[in-house]
Amino acid sequence: MSVTDNTSLKLTKEVPAAEDFLPLLGTDHVELYVGNAKQAAHYYMAAWGFQPLAYAGLETGLKDRTSYVLQQDKIRLVLTAPMKPGGEINRHIEQHGDGVKAIALWVDDARKSFEETFKRGAEPYMEPEVREDENGKVILSGIHTYGETVHIFVERSAYQGTFLPGYRAWNPHYQPESTGLKYIDHMVGNVGWNEMNKWCEFYAKVMGFAQLVSFDDKDISTEYTALMSKVMSNGNGRIKFPINEPAEGRKKSQIEEYIEFYNGAGVQHMALATDNIIETVSGLRDRGVEFLRVPGEYYEDVLDRVGEIDEDLEPLRELGILIDRDDEGYLLQIFTKPILDRPTLFIEIIQRKGAKSFGKGNFKALFEAIEREQESRGTL
Ligand code: FE2
């Protein structure tokens, strides 16, 4: 299915296109602040099949930072590391470890995006600015969201270059093969105790999002519920941001563990979509990506729960891929272990076969798997 197919997308309020004051064309890129951009880039290329796209650093006139840009189909990652002591990027890394700084959104009008969100209460991060080179111009602006995370609005219709002005094409000998990842399905934020509603209201009021009604919103089995979650979606459904907050559970919440190690709110996971999760996950596993495993019993009755599926169960069981269904179809998903030293950011691989929800039926099995990991870290 296409992410732009929102014919059956259910929002708690209708958002007619005419009233969408912040039309978003998609996710432009995700920027991570990391301790060592060159080596992080190699990780995302070798393990995840991202291809080299662009570079900015000393050779392009930058003195204080280095950025590598990677691409796989519609997904673009920017990995940025500081080059000198002090400064904003170092401070960010000291506080949070490597992590997502910016979720950049592709817009037709970056000035208007800034003005519309600013007048609705957004805290400015970057006043609209024009960046130009021989390939044209780009207009960027930005606002703050939860924690130290920001949204950058990228207007690139007048730009023909590789990525952004200031970057040059990066075309090394090493060109890893894709693992079949297509686009960002959703980006999840973890926020502090009792802050979920505040940030959902931010997305509603400041960015014109609405709450996506899905099975995920209903109460989750209490014994394992260690989080509350709401999903906010923009008007055309291309951008979906679930927001989690910790909840009192039987054990220490996984969200609480995140908040502790990230030192505040931040991006918990990126969900990357594929058309063939079995191929994608086998490829990733062979390249060294580590996934959370649910117990084998999960597969004994999963088809009773989700009904018939197109795939053979055996490869799903072998790889540990989870299955869930809502009233519009089913989905296949799997979650990595944290991909950084701190137990913070992880990645979800998702294949949608009609389902528009987020895998609530898997929460219990998943939480048990996460708790086993937490136990081994002594953070339960
Ligand atoms: Fe997710």
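Guide: Here is a short talk about the metal site and then the chain as a whole. The model is predicted, so local features need pLDDT of at least 70, side-chain atom pairs count only at pLDDT 80 or more, and totals for chains, interfaces and linings use all residues. Residues are numbered from 1 along each chain as its sequence is written, and side-chain values use heavy atoms, with hydrogens and water left out.

Visitor: Which residues are the protein donors of the iron ion?

Guide: The protein donors are H186 (NE2), H269 (NE2) and E348 (OE), lying 2.0 to 2.2 Å from the iron ion; donors are N, O and S atoms within 2.8 Å of the metal (3.2 Å for Na, K and Ca), and since water is not among the atoms, sites may look incomplete.

Visitor: Where in the chain do H186 and E348 sit?

Guide: H186 is in strand β10 (residues 181-190) and E348 is in strand β17 (residues 346-353), 162 residues apart, so the pair links distant parts of the chain. Strands here are DSSP runs of E of at least two residues, and helices are runs of H or I of at least four, numbered from the N terminus.

Visitor: Are those two buried or exposed?

Guide: Both H186 and E348 are buried, meaning under 20% relative accessible area, where exposed is over 50% and partly exposed lies in between (1.4 Å probe, protein chains only).

Visitor: Switching topic, what about the whole chain?

Guide: The protein chain has 9 helices and 17 strands, and buried residues make up 56% of its 380 residues. Its C-alpha atoms fill a box of roughly 60 × 45 × 40 Å along the principal axes.
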